[in-house]
Amino acid sequence: MNRTLATAGRVLAQVMHDPRTIALMLLVPSLLIGLIAWIFTETDAFSRIGPAMIALFPFVVMFLVTSIATLRERRSGTLERLLSMPMAKGEFIFGYALAFTLVAIVQTVIAVSFAIWVCGLHIEGQLWLLFAVAALDALLGISLGLMASAFAHTEFQVVQFMPALVIPQFLLAGIILPREQLPGVLQAIGNWLPLSHAIDALSDAAAGTTDSATAINMLLIAAWIAAALLIGSLTLRRRTA
């Protein structure tokens with residue numbers, strides 16, 4: 001645990017010394033949510049898709065930042081030096097997850113607050129639950145980013161994971177077209193994707209229609225997070241070729 005906390009502290013220190021990364025993680029999701037709200041300013045569309053945007057943009061940003069940052073640790077040889085000490089791969093992965101989870105909490109507070117009090121997203125449900133689901137969604141992006149970085153050799157390959165892990169979820173999660181209107185096979189796939197559960201839970205939290213299905217969605221997101229972190233820790237290589 002001490003080594004995990006030490007890794008998290010080192011990662012946070014690095015992030016704090018990189019203003020561009022801080023801006024990307026903390027401000028870009030809110031700016032994109034604001035852009036969507038501006039596009040639909042003359043309609044009521046933002047009230048319907050706003051929760052989905054809160055799910056999508058932090059998820060994507062945390063996926064990219066986490067995967068690239070972790071890959072750089074390997075390419076620079078930092079991971080190899082750390083693992084020559086009594087540190088397990090799991091401690092490295094969970095240290096990174098912990099550090100970026102703390103960042104994700106701040107990001108969530110900013111993004112949700114901006115969507116509600118600046119963009120005018122109307123919330124019928126409990127605000128704390130909306131924050132909780134949004135933070136869980138950002139952690140999902142972190143865990144998938146850590147998993148992707150364990151397989152990638154270069155930053156370019158990390159970006160290539162976007163079509164494999166992120167874009168299909170965007171297409172099948174019900175943002176473009178409700179999942180009920182998708183062809184049967186695509187609907188079945190979409191119903192199992194983690195971003196779909198995040199969007200459903202956020203929509204329920206925003207509308208105040210939370211029930212057992214919302215809790216199940218949150219548990220499924222947590223299961224995806226745990227599985228991605230486990231896969232990342234088992235497949236992480238000391239250094240890229």
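Predicted model: local features only at pLDDT ≥ 70, side-chain atom pairs only at ≥ 80, totals over all residues.
Among contacts in this chain (heavy atoms within 4.5 Å) between residues at least 6 apart in sequence, 79% join residues at least 24 apart. Residues are numbered from 1 along each chain as its sequence is written, and side-chain values use heavy atoms, with hydrogens and water left out.

Let us start with the whole chain. The chain holds 11 helices and 0 strands, where helices (H or I, at least four residues) and strands (E, at least two) are DSSP runs numbered from the N terminus. The radius of gyration, taken over C-alpha atoms, is 18 Å, close to the 18 Å that the globule rule gives for 241 residues, so the chain is as compact as a globular protein of that length. That rule is 2.2 Å times the number of residues to the power 0.38. Of the 241 residues, 49% count as buried, meaning under 20% relative accessible area with a 1.4 Å probe and protein chains only.

Now for the pockets. Rolling a probe the size of a water molecule over the atoms shows where empty space is left. Here a pocket is an open set of points on a 1 Å grid over the protein atoms alone, where a 1.4 Å probe fits, with protein on both sides within 12 Å along at least five of seven lines; lining residues have an atom within 4 Å of a point. A volume is the space filled by probe spheres set on the points, which are joined across faces, edges and corners.

| Pocket | Volume | Lining residues | Nearest the centre |
|---|---|---|---|
| Largest | about 350 Å³ | 15 residues | D18, T21, V65, A69 and R72 |

Which helix gives the largest share of the lining of the largest pocket? That is α4, with 6 residues. Helices α1 (2-16), α2 (19-26), α4 (45-75) and α6 (89-117) each supply at least two residues there. In the second largest pocket, α4 and α10 (194-207) each supply at least two, and α10 gives the most, with 4 residues.

T4 is buried, with a relative accessible area of 11%. Leaving aside neighbours within four places in sequence, T4 is in contact with E91, F94 and G95.

Key
Buried < 20%, exposed > 50% of the residue type's maximum accessible area, 1.4 Å probe, protein only.
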